[in-house]
Amino acid sequence: MQHFSSEQLLLVSQRLLEAGGSSADEASVVSDHLVRANLLGHDSHGIGMLPFYCGSLDRGTLLPNQEPVLATDHGAILAFDGQRGYGQAVGRVAMEHAIERCRATGLVAMTLRNAHHIGRVGTYGEQSLGAGFASIHFVNVTDHDPLVAPFLGKEARFSTNPVCLAMPSPAGREPILLDMATSRVALGKVRVAHNKGEPMGSELLLDADGQRTDDPAVMFRRPQGALTTVGDHKGYGLALFGELFGGLLSGGGTIQPGNERRGGIVNNMLTVILDPSKLVEGSYLESELGDLVDYLKSTDPADEKQPVLIPGEPERLSHAERTAEGIPVDDTTWQQIGKGGELLGLEAGWHDALLAPSSEQAPG
Ligand code: NAD
């Protein structure tokens with residue numbers, strides 16, 4: 001395990017993505033997104049995704065330098081097609097359009113279909129929060145075999161269909177951001193455990209026979225095991241609405257097997273953006289939300305070492321810690337990033353060389 005600063009990881013990611021054909025701007029948007037996910041503690045959606053992106057570029061399931069195309073514009077309802085571009089880039093642009101529209105309408109429903117992996121969905125919630133808006137995001141994941149078993153099932157039928165809910169907070173308080181996979185864990189977290197050779201909680205995973213297991217390897221061999229849904233039937237219901245809202249309403253399609261699976265990751269998302277000031281006075285929002293958060297935070301913890309937190313708070317704590325102490329990257333992930341660059345034509349050991357202190361002596 002090595003520790004890197006965010007600047008170091010940004011440098012490595014930028015080089016890799018530019019080698020994959022991205023413009024400097026696109027490489028910067030995607031790198032910022034990935035490294036921020038690492039800083040916030042979501043290594044599953046950080047630079048560990050880069051090797052997969054290299055394979056997707058190689059297979060042609062991910063296309064660099066795409067702009068989202070506006071497919072439908074009904075005022076407060078917008079539909080975009082991501083053209084299989086980097087989801088972090090096309091998603092950001094689609095959100096910018098939707099936020100701009102919301103300034104006029106107060107409420108916007110926007111769909112984005114056919115985007116390559118959009119990454120950490122909380123990023124789009126943060127975009128809304130930056131404009132002072134609340135937002136709701138339902139996402140499905142297609143183009144590859146399912147990973148998550150429906151409640152009571154022993155085989156996978158869904159992917160990890162994330163849901164994100166964002167609420168701005170009054171001045172001086174942090175916004176509230178719930179950003180979660182509808183599986184108990186995101187697949188990327190299983191990949192991280194697998195790379196580290198660590199077991200996982202057996203409530204998270206089923207083996208290929210539908211039996212509970214603590215071995216993350218079941219998700220990386222054939223026949224494949226399955227992840228379980230969060231909250232049993234409730235998470236199953238939310239995952240289903242990821243398909244309905246994200247996949248169906250965007251026109252991007254659901255996970256049903258009649259749709260093509262090319263082994264990439266395609267995300268389809270429904271986003272609803274709402275200007276809270278159209279519903280309640282700012283002063284009311286400020287006092288009521290503040291009182292609610294204070295009430296929650298005043299709960300006596302069941303375990304003194306684990307205080308009650310507000311969604312979004314664990315990520316802020318991780319950000320502070322990792323900014324100070326560096327971002328841990330396991331050796332397998334680091335090697336996979338190196339190999340990913342080689343697939344795109346970079347020389348062996350390019351990422352170590354990029355971070356090595358310069359051998360040039362200062363003049364004089
Ligand atoms: P997680 O379980 O670590 O956290 C989920 C949410 O719970 C977060 O909002 C977090 O702030 C909150 N939380 C955690 N501990 C808390 C506590 N003690 N008290 C209150 N709130 C708490 O996250 P996850 O479900 O593993 O998802 C990780 C990331 O994966 C997310 O960013 C998600 O968007 C992303 N994801 C993306 C895709 C995709 O296809 N693009 C698919 C699945 C997941």
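This report describes the fold of a predicted protein model and the surroundings of its ligand.

Because the model is predicted, local features need pLDDT of at least 70 and side-chain atom pairs count only at pLDDT 80 or more, while totals for chains, interfaces and linings use all residues. Residues are numbered from 1 along each chain as its sequence is written, and side-chain values use heavy atoms, with hydrogens and water left out.

**Overall fold**

The protein contains 11 helices and 12 strands; these are DSSP runs numbered from the N terminus, with helices (H or I) of at least four residues and strands (E) of at least two. Its radius of gyration is 21 Å, close to the 21 Å that the globule rule gives for 364 residues, so the protein is as compact as a globular protein of that length. The radius is taken over C-alpha atoms, and the rule is 2.2 Å times the number of residues to the power 0.38. The C-alpha trace spans about 65 × 60 × 50 Å along its principal axes.

**The ligand and its shell**

There are 23 residues around the ligand, and Asp179, Ala181, Lys189, Gly312 and Glu315 come nearest. A residue belongs here if one of its heavy atoms lies within 4 Å of the molecule. The shell divides into 12 nonpolar, seven polar and four charged residues; Ala, Val, Leu, Ile, Met, Phe, Trp, Tyr, Cys and Pro count as nonpolar, Asp, Glu, Lys and Arg as charged, and the others, Gly among them, as polar. Both β7 (176–180) and α9 (313–325) supply at least two residues of this shell, and β7 gives the most, with four.

| Residue and its N or O atom | Ligand atom | Distance |
|---|---|---|
| Ala181, backbone | oxygen | 2.8 Å |
| Lys189, side chain | oxygen | 2.9 Å |
| His117, side chain | nitrogen | 3.5 Å |

Taken alone, the ligand exposes 870 Å², of which the protein buries 79%; accessible areas come from the Shrake-Rupley method with a 1.4 Å probe.

**Two backbone features**

The peptide bond from Arg222 to Pro223 is cis, with omega near -10°. Pro223 is placed in the loop between β9 (212–213) and β10 (226–227). Another loop, between β3 (77–81) and α4 (87–105), holds Arg84. Although Arg84 is not a glycine, this residue has a positive phi of about 60°.

Technical notes: Polar contact = N/O pair within 3.5 Å; in protein donor to acceptor, adjacent residues only side chain to side chain.
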